[in-house]
Amino acid sequence: MSQKKIADLFNFTGKTVVVTGGANGIGYGIARRFVEAGANVVISDINEGVGIAKTEALESEFGTKTLFVKTDVSSEEDVKALVEKTRETFGSLDVMINNAGIFPTSPVLTMEVGFWDKVQAVNGRGVFLGCREAAKVMVEQGSGAIINIASIDALHPSMVGLAAYDNSKHGVWGFTKNLALELAPHKIRVNAIAPGGVATEGVAAMSSGAPSMTDEQMKAFLSAIPMGRYAEPDEMATVALFLASDAANYMTGSIVVADGGSLIA
Ligand SMILES: NC(=O)c1ccc[n+]([C@@H]2O[C@H](COP(=O)([O-])OP(=O)(O)OC[C@H]3O[C@@H](n4cnc5c(N)ncnc54)[C@H](O)[C@@H]3O)[C@@H](O)[C@H]2O)c1
């Protein structure tokens with residue numbers, strides 16, 4: 001096999017990348033790096049206002065064509081339309097990043113069924129739908145890479161109150177491994193990333209009070225990170241770039257933990 005130059009490994013010119021939940025936080029960080037790497041990027045999110053504004057800002061900064069598609073990842077119809085619109089616009093789908101997720105907290109003892117169902121619908125069904133629709137296109141193409149944003153909570157609970165979330169993220173990791181087996185013969189790689197604490201809009205909303213974590217919980221979480229700080233979204237984006245690139249050509253069914261040492265503490 002001929003060896004690619006390092007610069008070519010991370011050159012995504014002509015490749016099409018879809019990022020769900022791409023208007024904010026980790027998803028936006030990922031979208032931005034793929035735009036910089038030359039890809040045609042599709043940002044999808046339920047937040048249309050922020051999504052369109054950031055898509056336009058990326059277009060004018062990098063001079064690329066970037067698309068926004070309003071999508072609720074828990075809706076089969078929306079995810080089908082997202083993949084269709086991507087294909088119509090760019091003609092392929094090379095990298096699918098299933099990032100959209102929610103992390104509300106509730107003790108199990110007082111958890112409503114609707115709360116449970118909503119977390120599983122966005123974090124679980126959303127990943128399934130994104131993978132299934134992207135994989136249909138990738139199987140036809142005979143190539144592709146899928147990256148599911150799981151969490152360290154896919155492997156180990158980080159705090160009381162996240163039981164519904166932990167169920168969904170353990171599911172994402174199990175699903176990723178099985179799908180990797182199914183898609184390996186089609187030359188499609190499926191991997192996951194397990195972020196620890198990342199400073200995002202979603203986490204900021206948690207720390208600003210209801211309906212999520214208390215200040216004490218936030219402080220306890222921070223003090224349990226050996227590196228002593230939250231990650232920046234870009235520190236997840238560079239991991240995604242690696243996993244999607246030819247530098248990770250022999251990786252499938254893997255989870256990359258990027259958590260400042262939280263899991264070994
Ligand atoms: N931030 C962290 O510390 C952390 C840690 C581990 C894992 N994660 C995971 O990373 C992913 C992104 O987290 P974040 O911190 O960037 O969140 P965030 O809240 O900052 O951003 C999430 C984005 O997803 C969008 N979104 C929410 N529900 C959606 C839906 N149904 N359909 C489409 N878009 C939807 C939101 O509008 C938002 O733009 C999630 O899957 C989360 O579980 C985050």
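Mentor: Axes are lines fitted to C-alpha atoms, for helices over the stretch in contact, and angles run from 0 to 180 degrees between N-to-C directions. This is a predicted model, where local features need pLDDT of at least 70, side-chain atom pairs count only at pLDDT 80 or more, and totals for chains, interfaces and linings use all residues. Residues are numbered from 1 along each chain as its sequence is written.

Trainee: So at what angle do α4 and α5 pack?

Mentor: About 35 degrees, with the axes 9 Å apart; α4 covers residues 76-90. Helices are DSSP runs (H or I, at least four residues), numbered from the N terminus.

Trainee: What makes the contact between α4 and α5?

Mentor: Among the residues are V79 and V83 of α4 and L129 and A134 of α5, where contact means C-beta atoms, placed from the backbone, within 7 Å.

Trainee: Where is the kink in α5 centred?

Mentor: On A121, at about 35 degrees; the bend is the angle between axes fitted to the seven residues ending there and the seven starting there. Just after α5, G142 has a positive phi of about 80 degrees.

Trainee: Which residues come nearest the ligand?

Mentor: G21, G25, G101, T200 and G202, of 29 around it (C-beta, placed from the backbone, within 6 Å). Helices α2 (25-36) and α7 (201-207) each give two or more residues to that shell.

Note on methods. Two residues are in contact if their C-beta atoms, placed from the backbone, lie within 7 Å.
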